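Please examine the sequence and the structure shown below.

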Amino acid sequence: MSETEIEIPRPTSGDVLERILEDHRLFEDLLREARRTDTDRTAARAALAEVLMAHATAEEEKVYPELRRARAITEHEEEHGEEEHAEIIEALLEFLRAKGTDTQKYDDTLEELATVVNHHSNEEEQTILNPAREDVSLERREELGVAWLTRRNELLAEGCGSEEQVAAKLDEAVDEGVLAPEDAREEADEIEEEAKEKAKAVEEAAKKD
């Protein structure tokens, strides 16, 4: 179990959409704490890992399937949400593996994590939470709130954000085909980078003509 001195809120009921939004704001707060030099960065990193893992796992188990059954989201949107969770877990693992909290590696991996977390939160709010607000009754959202929070809080109580647990979750995502193997993703990144450089060269050449 990961030790942290930061108390993570553990509500037990409420509209699932509002509770998810509260966690999104909590992510932002913990990312800020992890950046500061006058706070306990080790505690902030541990708390961030725990809540990111508990939040995502409980969403995939208790929220996404129900929203798809209610036709508030499509199968593609559910799969895309799971893929983005896997990308967050991958970035989180790199952040946890950064030795110490006063290194360039710590700062770089923190910003990479912040980028994927913020992207996912924004996209989820627009493409999953907003449709659910229109298509799912408040009564049902409150039932989902209890189910999601119960699972989230169980995971927090057990501890789910150690480096080993995050690595195992990433392996699970690859095994299930949610995320491509690392070597394939690295190759895709290289191809994308080469394409960007080629496009930039074409633009620069056009400017000179």
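E125 counts as buried because its relative accessibility is 18%, where buried means under 20% relative accessible area, exposed over 50% and partly exposed in between, with a 1.4 Å probe and protein chains only. The side chain of E125 meets that of R25 in a salt bridge, 3.0 Å from N to O; such a bridge is a side-chain nitrogen of Lys or Arg within 4 Å of a carboxyl oxygen of Asp or Glu. R25, with a relative accessible area of 33%, is partly exposed. The pair links distant parts of the chain, 100 residues apart, with R25 in helix α1 (residues 16-35) and E125 in helix α4. Helices are DSSP runs of H or I with at least four residues, and are numbered from the N terminus.

The model is a predicted one, in which local features need pLDDT of at least 70 and side-chain atom pairs count only at pLDDT 80 or more, while totals for chains, interfaces and linings use all residues. Residues are numbered from 1 along each chain as its sequence is written, and side-chain values use heavy atoms, with hydrogens and water left out.

In total, the structure holds 19 salt bridges. Another of them joins E111 to R35, whose closest N and O atoms are 2.8 Å apart. This pair also links distant parts of the chain: E111 belongs to helix α4 and R35 to helix α1, 76 residues apart. E111 is partly exposed at 36% relative accessibility, and R35 is partly exposed at 33%. E61 and R151 meet through their side chains in a salt bridge of 2.7 Å, N to O. Here E61 lies in helix α2 and R151 in helix α5 (residues 138-158), 90 residues apart. E61 is partly exposed, at 39%, whereas R151 counts as buried, at 18%. A network of salt bridges links E66, R69, R140 and E143.

The structure also holds one aromatic pair. The ring centres of F95 and Y106 are 5.1 Å apart and the ring planes stand at 50 degrees, so the pair is tilted. Rings of Phe, Tyr and Trp (its six-membered ring) pair if their centres lie within 6.5 Å; planes under 30 degrees apart count as stacked, over 60 as edge-to-face and the rest as tilted. F95 lies in helix α3 (residues 75-97) and Y106 in helix α4 (residues 104-135), so the pair ties together parts that are eleven residues apart in sequence. Both F95 and Y106 are buried. Over the ring of F95 sits the charged end of R45, 5.3 Å from the ring centre; this requires NZ of Lys or CZ of Arg within 6 Å of the centre and within 35 degrees of the ring normal.

Which residues line the largest cavity? They are F27, L52, M53, H55, A56, H85, I88, I89, L92 and H120. A cavity is a set of points on a 1 Å grid over the protein atoms alone where a 1.4 Å probe fits but cannot get out, and lining residues have an atom within 4 Å of a point. The largest cavity has a volume of about 70 Å³, a volume being the space filled by probe spheres set on the points, which are joined across faces, edges and corners. Helices α2 and α3 each supply at least two residues of this lining.

Notes: On a 1 Å grid over the protein atoms alone, a cavity is a set of points where a 1.4 Å probe fits but cannot get out, and a pocket is an open set with protein on both sides within 12 Å along at least five of seven lines; lining residues have an atom within 4 Å of a point.
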